[in-house]
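Please look over the sequence and the structure shown here before reading on.

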Amino acid sequence: MSSKQPVNFEALKLPLIIAFIALLIRLVLIVWMPDAYQFDAYQRWAGRDHLYIQVWLPATQLLVWLVGKLGGTPVVLRVVFSMLGSLTIGMMLQLAISIQESLDDASEDVGSKSSGYLLWLSLPFVVFGPYVVWSSVPYQESTLLLFLMGGLLLHRIKPELGDLCIGALALVRYEGWPLIVVHWLLRRNLKAIVLSSWGMVLWLSILLMKHFGLLTPYMASPDSFSDW
């Protein structure tokens, strides 16, 4: 992973434009189909007064809980997750631009600046059907990408904040746990390992409390369709 780098605010314009276009597409989808859909979306909203529901990790539910506490509706919740999903696309483009700028600075070819083709490469993510669908409802994909991209971007500015952000992956999906291990191997730093382990420690503590009957998840309905 790279060392600290200053923020290039000029380079933020392109990711923000792309994120805005992605948001418009998702808002059109919500106007066309305002109801939430699929199992997780219904269950999360049904458990909006709870942070620990079903068998799920809690990070995504935290957003649902906040929207519920602020008096939001299911449509507001979809708008919030659409904003989150659009932001992650802008973050991916920003990360790509930052990496390319680092490569360009290290290159002897002064004319190799390539933000233009990165723009075109980012456009398929804006309209990629599965992500448009799943990032406009309360599913975990956007939350996972938010902490992953956030951790990588923050690491270029403030490595400790990046470590903490990567640690939050453990509270989104179990697929985030091996990503944290990869982060340990890349950082090779005891402080970084400790900072990025907080999510794992918290979730294992919750499971331990559940095992001893000190904490019970809210069950809006049976865990799987086969139980219905």
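## Aromatic pairs

The model is predicted, and a search through the whole of the structure finds 3 aromatic pairs. In one of them, Tyr52 and Trp203 have ring centres 5.6 Å apart and ring planes at 85 degrees, and because planes over 60 degrees apart count as edge-to-face, the pair falls in that class. Tyr52 belongs to the loop between helix H2 (39-46) and helix H3 (59-69), while Trp203 belongs to helix H11 (residues 198-211), so this pair ties together parts that are 151 residues apart in sequence. Tyr52 is buried, with a relative accessible area of 12%, and Trp203 is buried as well, with a relative accessible area of 2%.

Trp134 and Tyr139 form another aromatic pair, described as tilted, with 4.8 Å from centre to centre and 35 degrees between the planes. Here Trp134 is partly exposed, its relative accessible area being 27%, whereas Tyr139 counts as buried at 12% relative accessibility.

## The second largest pocket

The second largest pocket has a volume of about 310 Å³. It is lined by 16 residues, of which Pro58, Ala59, Leu62, Leu63 and Phe147 are the closest to its centre. At least two residues of this lining come from each of H3, helix H4 (74-106), helix H7 (141-155) and H11.

Thr143 has its place in helix H7 and counts as buried, at 2% relative accessibility. Leaving aside residues up to four places away in sequence, Thr143 touches Ala59, Thr60, Phe81, Leu84 and Val172. With Thr60 there is also a polar contact of 3.0 Å, made between the side chain of Thr143 and the side chain of Thr60. Thr143 and Arg173, which are 30 residues apart in sequence, lie 9.1 Å apart in space from C-alpha to C-alpha.

Ser142 lies in helix H7 too, and Ser142 is buried, with a relative accessible area of 1%. When residues up to four places away in sequence are not counted, Ser142 touches Phe81, Leu84, Gly85, Thr88, Tyr131 and Ser135. The side chains of Ser142 and Tyr131 are joined by a polar contact of 3.1 Å.

The buried residues of H2 are Phe39, Asp40, Ala41, Gln43, Arg44 and Trp45.

In H3, the buried residues are Ala59, Thr60, Gln61, Val64 and Val67. An α-helix has 3.6 residues a turn, so residues three or four places apart point the same way. Of the buried residues of H3, Ala59 and Thr60 are also among the residues that Thr143 touches, and Ala59 is one of the residues closest to the centre of the second largest pocket. Just after H3, Gly71 takes a positive phi of about 85 degrees.

Conventions: Residues numbered from 1 in each chain as written. Predicted model: local features only at pLDDT ≥ 70, side-chain atom pairs only at ≥ 80, totals over all residues. Heavy atoms only, no water. Phe/Tyr/Trp six-rings, centres within 6.5 Å; stacked < 30°, edge-to-face > 60°. Helix = DSSP H or I, 4+ residues; strand = E, 2+ residues; numbered from the N terminus. Buried < 20%, exposed > 50% of the residue type's maximum accessible area, 1.4 Å probe, protein only. 1 Å grid on protein atoms, 1.4 Å probe; cavity = no way out; pocket = protein on both sides within 12 Å on 5 of 7 lines; lining within 4 Å. Points joined across faces, edges and corners; volume = space filled by probe spheres on them. Contact = heavy atoms within 4.5 Å. Polar contact = N/O pair within 3.5 Å; in protein donor to acceptor, adjacent residues only side chain to side chain.
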